[in-house]
Amino acid sequence: MRIVVLSGGIGGAKFLVGVRAQARALGAEVTAVVNVGDDVRMHGLQICPDLDSVMYTLGGAHDPGRGWGRVGESWVVKEELAAYGAEPSWFGLGDKDTATHLVRTQMLAAGYPLSAVTAALCARWQPGITMLPATDDRLETHVVVDVEGERKAIHFQEWWVRYRGEVPTHRFVFVGAEAAKPAPGVVEAIAAADVVLVAPSNPVVSIAPILAVADVRDAVATGPAPVIGVSPIIGDSPIRGMADKCLATVDVAVTAAGVGALYGPRSAGGILDGWLVDSSDAATEVPGVPTRAVPLWMSSEEATAQMVKDALSLAGAASPGS
Ligand code: GDP
Ligand code: CA
C-alpha cells in the first residue's frame with residue numbers, strides 16, 4: 001500500500017508520526033509532500049520551516065514544548081547576530097538548527113535542487129518516510145497587510161513571527177506559484193498512491209500553497225486514489241497556531257464544515273472524497289463530501305495512528321472522484 005500525505009509543519013509532522021506508525025503496521029510506504037511557502041532566506045541562510053519540522057519530528061530531534069526547532073537547542077549565534085545589530089532580530093535561529101541551514105544553503109549554492117538537499121539531510125535523520133518538497137522552485141507565501149499606515153506585502157514569516165498575525169491582513173499571495181513545477185517524484189507518488197491524506201495542517205498557509213502548484217493540484221484532484229482530509233479545526237478552535245486568523249482573512253468559518261467546504265468535493269472541482277472531523281463535530285455537513293466523526297486530538301502516537309486508521313477506513317468506503 002502507498003500513502004501520500006499533504007503536510008505543513010508542526011501539525012503535519014505530528015500527523016505523520018501516526019501515519020508512519022500505521023504504515024509500519026500495514027507494511028505501507030509513505031510519501032509526504034511538504035509545504036515550502038514558509039521558506040525564507042535570513043542572514044544568508046535558506047530556511048525551510050515546514051520541511052525541518054517534519055524532518056526533526058520524525059527524526060526524534062524536535063523540541064516538543066516549543067513545537068519547532070531542535071530539542072536541547074542553544075542560541076549563541078542569535079545572540080551574536082543581535083550584538084551586531086543584524087536584522088531581522090525577531091527570527092529564532094538556534095545553533096543546532098543553523099547547521100542544517102548551512103548545509104542546505106551550501107548544497108543549493110552548488111546547484112542541487114531542494115528535493116535532493118532534503119534527501120541528503122534526511123540521510124542523517126532517517127524519518128522513515130519519503131519527504132518531498134511540493135516544488136523545487138521558489139514559492140513563497142507573502143501577506144498583504146497594513147503596517148505603520150502603509151499597505152504592503154510582507155513575507156509570511158514576518159507576519160507570523162514578528163507580528164503574530166496581529167495587523168490588518170487582506171490576503172495571502174503565493175509568489176512564484178504560477179511558474180512552479182512539482183518537485184521530482186511528487187506527481188508520480190500521487191498517481192501511484194492508494195490513498196492521499198490531507199494532514200490537519202493549516203488549510204490557508206500550509207495546504208493551499210502546495211495546491212497552488214497547478215500540476216500538484218491536478219494530480220490530487222484527478223488522480224485514481226481517494227483523497228481524505230483530516231480537519232485541523234475542532235469545535236471553533238484551531239488548537240494551536242493561527243489557523244483562525246488565516247481563515248478569517250479568506251472569509252472561511254473557523255469550523256470543520258468551513259474548512260471542508262473550502263477544500264470541496266472532487267466531484268465539483270475540489271479535492272476531497274471524504275472528510276474526517278472530530279467526534280464533537282459529528283453534526284458537520286459538507287455538501288458533496290462524506291464525513292465521518294472520530295476523535296481528532298493528536299495527544300499521542302497511538303491516538304494519531306488511530307486517526308489514520310479511521311482515515312484509511314473512510315478511504316475504503318469512498319468512491320473516488322464521483
Ligand atoms: P505549521 O506549518 O507549523 O503551522 O503546522 P501545520 O500547518 O502543519 O499545522 C498547524 C495546524 O495543526 C493548526 O492550525 C491546527 O489547526 C492543527 N492541529 C494542531 N494540533 C492538532 C490536533 O491535535 N488535532 C487536529 N485535528 N489538528 C491539530
Ligand atoms: Ca508552516
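Reader: Into which domains is the protein chain divided?

Author: The chain splits into domain 1 (2-136 + 178-317) and domain 2 (140-174). Keep in mind that this is a predicted model. The C-alpha centres of the two domains are 21 Å apart.

Reader: How many residues does each domain give to the contact?

Author: Domain 1 contributes 20 residues to the contact and domain 2 contributes 18 residues. Between them the domains bury about 1,500 Å², and 72% of this is on carbon and sulfur atoms.

Reader: How should I read a nonpolar core?

Author: In soluble globular proteins, nonpolar side chains tend to be buried together. Here the largest nonpolar core has 94 residues, and within this core Phe 15 and Leu 197 touch the most other members. At least three residues of this core come from each of domain 1 (2-136 + 178-317) and domain 2 (140-174). A separate second core has 6 residues, among them Val 40, Met 42, Leu 45 and Leu 93.

Reader: What is Phe 15 in contact with, leaving aside its neighbours within four places in sequence?

Author: Phe 15 is in contact with Val 5, Leu 197, Ala 199, Pro 200, Val 230, Met 298, Thr 304, Met 307 and Val 308.

Reader: Now the ligand. Which of the 19 residues around ligand 1 come nearest?

Author: Ile 10, Ser 201, Ser 206, Pro 232 and Leu 296 do. For polar contacts, look for pairs of N or O atoms within 3.5 Å. A nitrogen atom of ligand 1 is 2.7 Å from a backbone N or O atom of Leu 296. One oxygen atom of the ligand is 2.8 Å from a polar backbone atom of Gly 12, and a backbone N or O atom of Pro 200 is 2.9 Å from an oxygen atom of ligand 1.

Reader: How much of ligand 1 does the protein bury?

Author: Alone, ligand 1 exposes 600 Å², of which the protein buries 93%.

Note on methods. Residues are numbered from 1 along each chain as its sequence is written. Chains are lettered from A and ligands numbered from 1 in the order in which they are written. This is a predicted model: local features need pLDDT of at least 70, side-chain atom pairs count only at pLDDT 80 or more; totals for chains, interfaces and linings use all residues. Side-chain values use heavy atoms; hydrogens and water are left out. A nonpolar core is a set of buried Ala, Val, Leu, Ile, Met, Phe, Trp, Tyr and Cys residues joined through side-chain atoms within 4.5 Å. Buried means under 20% relative accessible area, exposed over 50%, partly exposed in between (1.4 Å probe, protein chains only). Domain bounds come from an automatic or database domain assignment. Contact means heavy atoms within 4.5 Å. A residue is near a molecule or strand if one of its heavy atoms lies within 4 Å of it. A polar contact is a pair of N or O atoms within 3.5 Å; within protein, one must be able to donate a hydrogen and the other to accept it, and residues adjacent in sequence count only if both atoms are side-chain atoms. Accessible areas come from the Shrake-Rupley method with a 1.4 Å probe; for residues, only the protein chains shown count as cover. Buried area is the accessible area (1.4 Å probe) that two parts lose on being put together, summed over both.
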